[in-house]
Amino acid sequence: FTRNKMLVAQAVQSLQMPTWDETNIFDAVYETLDRLSRVDGRKYVILIGSGVDTFSKITLDKVLQKIKETPNVTIFSIATGGSGYMGGGGFASGPMNSIGMLQAENQLQAFARMTGGMFFEPRFEAEFPDVFTQINESIRNQYQITYKPTNTKMDGTYRRIRVELVDDEGHPLRMQDEKHHPLKY
């Protein structure tokens, strides 16, 4: 774990896609989430891989349970072995049937979906900068809304709330597209 942006950039630039021999993606995700559960604040995981797991001791069910139990973590999954990349071979090489790849991609999608993250399936390595730009924009443009009811009874009833966007002076925020047409928010 680091906050050093240069180390992260160097690590991403030095990535080499592995072959299919042995992948322990479930063990890796579980261990990462376990370590992150001891870190305060919002956390982000960028998971780059095929999604294929051939050697983990941890099962998919245990990973999914760990994802549910780990608060404040968003997973961004980047598939490297999918059918979209160069006609189906993926970044990695080796035998893999299409049903296995579909299952692997679905697992990566589930990790992202369960945590409010995003799933990417780049077709070419040159798409990585755009993927990382989208991830960066997603992280930098998040808002958290909290609510503390004035009615403190814990009776299980619903409360009606209204969320309004306002400008710097407290007036209702008016949003418009490039052609100056009003947008709903």
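Among contacts in the protein (heavy atoms within 4.5 Å) between residues at least 6 apart in sequence, 75% join residues at least 24 apart. The structure is a predicted model, in which local features need pLDDT of at least 70 and side-chain atom pairs count only at pLDDT 80 or more, while totals for chains, interfaces and linings use all residues. Residues are numbered from 1 along each chain as its sequence is written, and side-chain values use heavy atoms, with hydrogens and water left out.

The protein has five helices and five strands; these are DSSP runs numbered from the N terminus, with helices being H or I of at least four residues and strands being E of at least two. Read from the N terminus, their order is α-α-β-α-β-α-β-α-β-β. Of the 185 residues in the protein, 27% are buried. Buried means under 20% relative accessible area, exposed means over 50%, and partly exposed lies in between, for a 1.4 Å probe and protein chains only.

The interior may be considered next. In soluble globular proteins, nonpolar side chains tend to be buried together. A nonpolar core is a set of buried Ala, Val, Leu, Ile, Met, Phe, Trp, Tyr and Cys residues joined through side-chain atoms within 4.5 Å. The largest such core contains 14 residues, of which V29, L47, I75 and F111 touch the most other members. Two or more residues are given to this core by each of helix 2 (25-36), strand 1 (43-49), helix 3 (60-69), strand 2 (73-79) and helix 4 (98-115). Helix 2 gives the most, with five residues. Leaving aside residues up to four places away in sequence, L47 touches I25, V29, I75, F76, S77, I78, L108 and F111. Another core, of six residues, lies apart from the largest one and includes F76, F120, F128 and V131.

The buried residues of helix 5 are F128, V131 and I135. They lie on the same side of helix 5 because they cover an arc of only 60 degrees around the axis, the arc being that of the directions from the helix axis to the C-beta atoms. An α-helix has 3.6 residues a turn, so residues three or four places apart point the same way. These buried residues pack against strand 1, strand 2 and strand 3 (119-120), whereas P129, D130 and R140 are exposed on the other side of helix 5.

Rings of Phe, Tyr and Trp (its six-membered ring) pair if their centres lie within 6.5 Å; planes under 30 degrees apart count as stacked, over 60 as edge-to-face and the rest as tilted. Two aromatic pairs are found in the whole structure. In one of them, F128 and F132 are tilted, at 6.0 Å centre to centre and 40 degrees between the planes. These residues are four apart in helix 5 (residues 128-140), and therefore separated by about one helical turn. F128 is buried, with a relative accessible area of 10%, whereas F132 is partly exposed at 21%.

Finally, N72 has a positive phi, near 60 degrees, although the residue is other than glycine. N72 is found in the loop between helix 3 and strand 2, and is partly exposed at 42% relative accessibility.
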